[in-house]
Amino acid sequence: MGGIAPGVLELRGVGKQFTRRGEPVQALDNIDLRVERGEFVCVVGASGSGKSTLLSLIAGLSPVSTGQVRLDDRPVSGPGPDRGLVFQSGAVYPWRTVERNVAFGLELLPISRDERARRVDWYLAETGLTALRHALPRQLSGGQLQRVAIARALACEPQVLLLDEPFGALDVQTKEDMQVLLHRIWRDTARTVLLVTHDVEEAVFLSQRVVVLACDPGRIAADLPIALPSDRDLAVKRTPQFLKLRASIEDLVRAHHHRHTPAE
Amino acid sequence: MSTDTDAAAVTTGARAGWAALPRRRPPRRVPSVLAIRSPISRRARWILITLSVLVPAVAWVALSGSRTVEPRFLPSPRAVWLAGVEMARSGQLFTDGWASIQRVLWGFGLAVVVSVPLGILMGTFRAAQSLLEPVIGLLRYLPASAFIPLLILWLGLGEPSKIAILFIGTVFFNTLMTADVVRQVPKSLIDVSYTLGARRGEVLRKVVVPHSIPGMIDAMRVNAAAAWNFVVVAELIAANSGLGYRIIRVQRFAQTDRIFAILVIIGLIGLTMDLSLRLLRDWTGRWVA
Amino acid sequence: MTVRLRTWLPALAGALLLIAPLATACGGDNTTNSDTGGPKTKVTIGFSAWPGWFPWQVAQEQGLFTKNGVDVELKYFDSYTDSLNALSTNNVSANSQTLNDTLSSVSGGAKQTIVLVNDNSTGNDQIIVRDGITSVADLKGKAVAVEQGTVDHYLLLLVLQKAGLTEKDIQVKSLTTDAAAAAFAAGQVDAVGAFAPFTTTALGLAGSKAIATSADFPGAIPDHLVFTADFVKDHPTEVQAVVKTWYETLDWIKNNKDAAVKIMAKRAGVSVDDYKTYDKGTTIFTREQNLKAFASGTTPANLDYQAEQIAEFLVSTGLINEKPKLDGLFEPKFVQAVPG
C-alpha cells in the first residue's frame, strides 16, 4: 500500500539503569540491534529480562541511560506516531467507540473528515472490526480490544510497530486467531514490526528473526533467523522444522533464565 | 500419579507426626439478602426502599399521635404539612426557597469554576500538586463559619459575603476530590496517547478530562450537599429571606412545625439536585465498566 | 428468591427499637429532676452581657448562692437570642431577659413566670448613628443593623414610631448584637441598635453618637429574672433562695464597690473605666422599686400595664404574630418575702 514507508530501526549500545531502593540496577546493558525495513522481529526472554523496558526505550516513553535509538538513521527522543505501540492491556479509550478509538491519532492531523473516515474504514476492515465500529470498549472481549489497539496504532502509519506482549492475557484459541490476524496485517501493510513476548511458540510463528534476551542485566544472548516460509498458517506449528526451532530457542531462554533464579 | 503413593507421601516424611487439621462446622446458610455482595431480587430491593421511608414515617405518626413526645418538640406530620401549606400560600416559602437556591447556585457554582481547573492541574502535574496541596489541605480544615466576621469586614453585609461562605465551605474539598479523580487516569492511557502523536495539551483535553468527567460529577454531588449544609450559616449574615434565615426566625417562637416543614423542603431540594447530577453522570458516563 | 417474613421481622423490630430511645431523649424538661425533700435540685440560670445582669457573676464568685442553700449553675450566653431560646425550650431553669422578649417567647407558647425586676434600662440601650446623621428622620432609607426581634429592634421601632416612621422606611440588617456593633464600627451600616457593653464597640467609630436611648422611653425596657412556669410551681424554695441571693449580692456590691466592678468588667470584657460609664444607663431596682413595679396599676411604672402596652406594640409592628396571654406572668410573692 502507499503512504509512509516502513523504517529501519537501530539500537546502538543501548543501556538502561534504574535505582531501586537506593541501589543502581542495570536493566539493559549494551544492546546492539538492527531491524531491517519491513522485517518482523520477536524479542523473547524470561520475565525480568527487560523486554518491556526495551520497548519503552524504543517508543521514547523513557530515556536511554547509554547509547542511542535510531530510526531511518536519525536519533529518536520522545514518543511519536512513527513508532506505534500496543500495550498488553490494550489501553483503549473507554469513552470512545471502536471507530473513534481508531480515529484518535488521525484526528490530530490536518486531514479532511472524509480522508479520515476512509482510512478508519480500511483499518476496521483489516482487523475485522467493521461490525463493531459503534461498540463501546466495555462491550468488547479481550481479543476485540487488542484488535482495536492494533488498528489504532496502525492508522497512524508508524514506521515501526511495537507490541508489548499483546496477546499475553488472552486464551489459547483467541491468541492463535490474533497471531494469524497480526501475520496477515503485517503482510498487507508491510510494516517493520518488533514484538516482545515470553511465548516462544508465538515468536517462532510470527517472526523472521528471534532475539533472545538474557536476564540481569538484560543483554542479547542470541539472534536467530527463522527459516520458515513467509506465508504461514497455524498448521506450520506442527511441522518438525517449527518444533525444532521452538525447542532450541526454549532451551536458550531457559539457559539464560536459569542463571537468574536463586539456587535451590 | 497413583493415589496410593499420594497417601503414602502424606504419612511419611516431615509431615508424619502432624495431627489431622480440625475442621470447623460449615457456617449456617445465610439468606441471599444478607450475604456479602450477593445481588438481591428486584422485589426485595423495592421492599427495602419502601421500608426505609415507611418505618420512620410510621414511627413519626405513632410518636406524635401518642404524645410520647411533647408536640412542641415533635410536631405531627399533619401539623408540618399545614405549616408548609401556609408558608406556600403566603408565598414566603417560594421567596425563601428561591433566595437560598440562588445563593447555593452562585456559591457552589463559583466553587466548581475554581476547583475543577485547579483539581485537574493538581491531578495531572506533580509540580502543581506539590505547590497547592499543602495550602489547600490546610485551608480545608478552617470552618467556614469562623470566617463570618472577616467576610463581613471584607465584603459587607450583602449577598457577596453569603456566597463567599458557601464558596469557602466547598471549594477546597471539591479541588482535592477532583484532583484524586484525575490522578486515577491510567498511565498507560496517557502513554499510548503520546505514541499516537498527541501533544501535552491534547492529552489533557482529549484523554485526561474525558476520563475524569464521571468522577468529577460524583465529587460535585457530594459537595453540593455540603453547600446546603452551609446555607443556615451563610444566612446568619444579615439575611432578609432564605430557608436558613426562616428557620432562625421561626425558632424564636418555637414554631417547630414550621422548622420541620422547612427542613423537609431543604431535603427535597437537595434530593432534586442530587438526582439531576446523578442523571448527568449517568448520561456522560455510559462508558464506565 | 422468595422473601421470608422471618428475615423482615427482626429488621423491622430493630428499626423501631432504634427510633424509640431517640424520641424520648429529645425534648422533655430536663431541669426538674426531683421532688422537694429529695437530693438538692440544680438551678440553671442563664444570662448574657448586660450591666443589670453582671451582678449574678459576683454572686457566684462570692459563693452567695451556696450561702443561701441553693445549688446554682450559672450559664453565660454570648448570644442573647440563644439564651432566650434556651429558656423557651426548657434547657435552663431561668434566664435573664427583658419584658418585651419574655412576651415574645410567651406568644410562641412558652410558659414563663417573671419573679424579679433586676433593673430598668435608662440609657444603656441605644440607637447609634454615624457621622452625618443628625436626627431620627435622617434614618429614612438607611441601613440599620440590629438583632432581629429582640430588645433593640423593639427600641428601634419605638424610636421610629416617635418620629412618625415605620420599619418599612429603613433597611434592617439582622445580625447578633456583637456582630452588629462590629459591622457598624467597620462602617458597613449607617446605624446600629445595641446595648451596653456593645455600645462601647459601636461608639469606637469616629464621629458616631447615640441619637436615641432607652432614657427617652422610661419604663419601656425592664429587665427580669424569668423562670419556667413549671419550675416556679415545683421548686418555690429554690426560687426564693435565688431572689434572696440577688439582694444580698446588691448589698455586697454596695460595700465592695471596687472589687465588684472588677469582677463585672471582666465578665463584660471591657475596662473598669468603660464599665463605670454604664452606671447611669442601667438603674438597678431596689426592693421597694420592685414591689411598686409588681403592684397593679395603669402607669408605665406598673408591670402589668407596661406588659399590655408592649404586647400591643409588638403585634402592631409585626414583631410577634399573636398577643400573648398575660395571666400568671408576674409572680411578686418571692420579692415580697425577702426581708426588707
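## A loop residue in chain A

Asp72(A) is found in the loop between β4 (66-71) and β5 (74-75) of chain A. Helices and strands here are DSSP runs (H or I over at least four residues for helices, E over at least two for strands), numbered from the N terminus. Asp72(A) is not a glycine, yet it has a positive phi of about 50°. Most residues other than glycine have a negative phi, and most peptide bonds are trans.

Before going further, a word on the ground rules: this is a predicted model, in which local features need pLDDT of at least 70 and side-chain atom pairs count only at pLDDT 80 or more, while totals for chains, interfaces and linings use all residues. Residues are numbered from 1 along each chain as its sequence is written, chains are lettered from A and ligands numbered from 1 in the order in which they are written, and side-chain values use heavy atoms, with hydrogens and water left out.

## Glu201 in chain A

Staying in chain A, we come to Glu201(A), which sits in helix α6 (residues 200-206). Setting aside neighbours within four places in sequence, Glu201(A) is in contact with Glu176(A), Lys237(A), Phe242(A) and Arg246(A); contact means heavy atoms within 4.5 Å. With one of these, Lys237(A), the Glu201(A) side chain makes a side-chain polar contact at 3.2 Å. A polar contact is a pair of N or O atoms within 3.5 Å; within protein, one must be able to donate a hydrogen and the other to accept it, and residues adjacent in sequence count only if both atoms are side-chain atoms.

## Where chain B meets chain A

On this interface, 19 residues of chain B are in contact with 24 residues of chain A. The two chains bury about 1,800 Å² between them, 72% of it on carbon and sulfur atoms. Buried area is the accessible area (1.4 Å probe) that two parts lose on being put together, summed over both. Thr195(B), Leu196(B) and Trp287(B) supply 37% of the area that chain B buries against chain A, more than any other three residues.

The count of salt bridges between chain B and chain A is 1, where a salt bridge is a side-chain nitrogen of Lys or Arg within 4 Å of a carboxyl oxygen of Asp or Glu. Lys206(B) and Glu107(A) form a salt bridge through their side chains, at 2.9 Å from N to O. Helices α8 (187-195) and α9 (200-234) of chain B each supply at least two residues of the side that touches chain A, and α8(B) gives the most, with 7 residues. By class, that side of chain B has 10 nonpolar, 5 polar and 4 charged residues. In this scheme Ala, Val, Leu, Ile, Met, Phe, Trp, Tyr, Cys and Pro count as nonpolar, Asp, Glu, Lys and Arg as charged, and the others, Gly among them, as polar.

## Where chain B meets chain C

Of the 2 pairs of chains that touch, B and C have the most contacts. Their contact takes 31 residues from chain B and 36 residues from chain C. Together they bury about 2,800 Å², 63% of it on carbon and sulfur atoms. The salt bridge count between chain B and chain C is 0, while 6 residue pairs are in polar contact across the interface, both at pLDDT 80 or more.

On chain B, α2 (42-65), α6 (148-155) and α10 (243-251) each supply at least two residues of the side that touches chain C. The largest share, 9 residues, comes from α2(B). This side of chain B divides into 21 nonpolar, 6 polar and 4 charged residues. As for chain A and chain C, no contact joins them, and their closest C-alpha atoms lie 29 Å apart.

## Helices that cross

Within chain B, the axes of α3 (residues 77-89) and α11 (residues 256-284) come within 8 Å and cross at roughly 75°. Axes are lines fitted to C-alpha atoms, for helices over the stretch in contact, and angles run from 0 to 180 degrees between N-to-C directions. α3(B) and α11(B) are therefore roughly perpendicular to each other; angles under 35 degrees count as roughly parallel, over 145 as roughly antiparallel, 65 to 115 as roughly perpendicular and the rest as oblique. The residues that make this contact include Ala83(B) and Met87(B) of α3(B) and Phe260(B) and Ile262(B) of α11(B).

## A cis bond in chain C

Ala196(C) and Pro197(C) are joined by a cis peptide bond, with omega about 5°. Pro197(C) lies in the loop between β8 (191-195) and α8 (198-202) of chain C.
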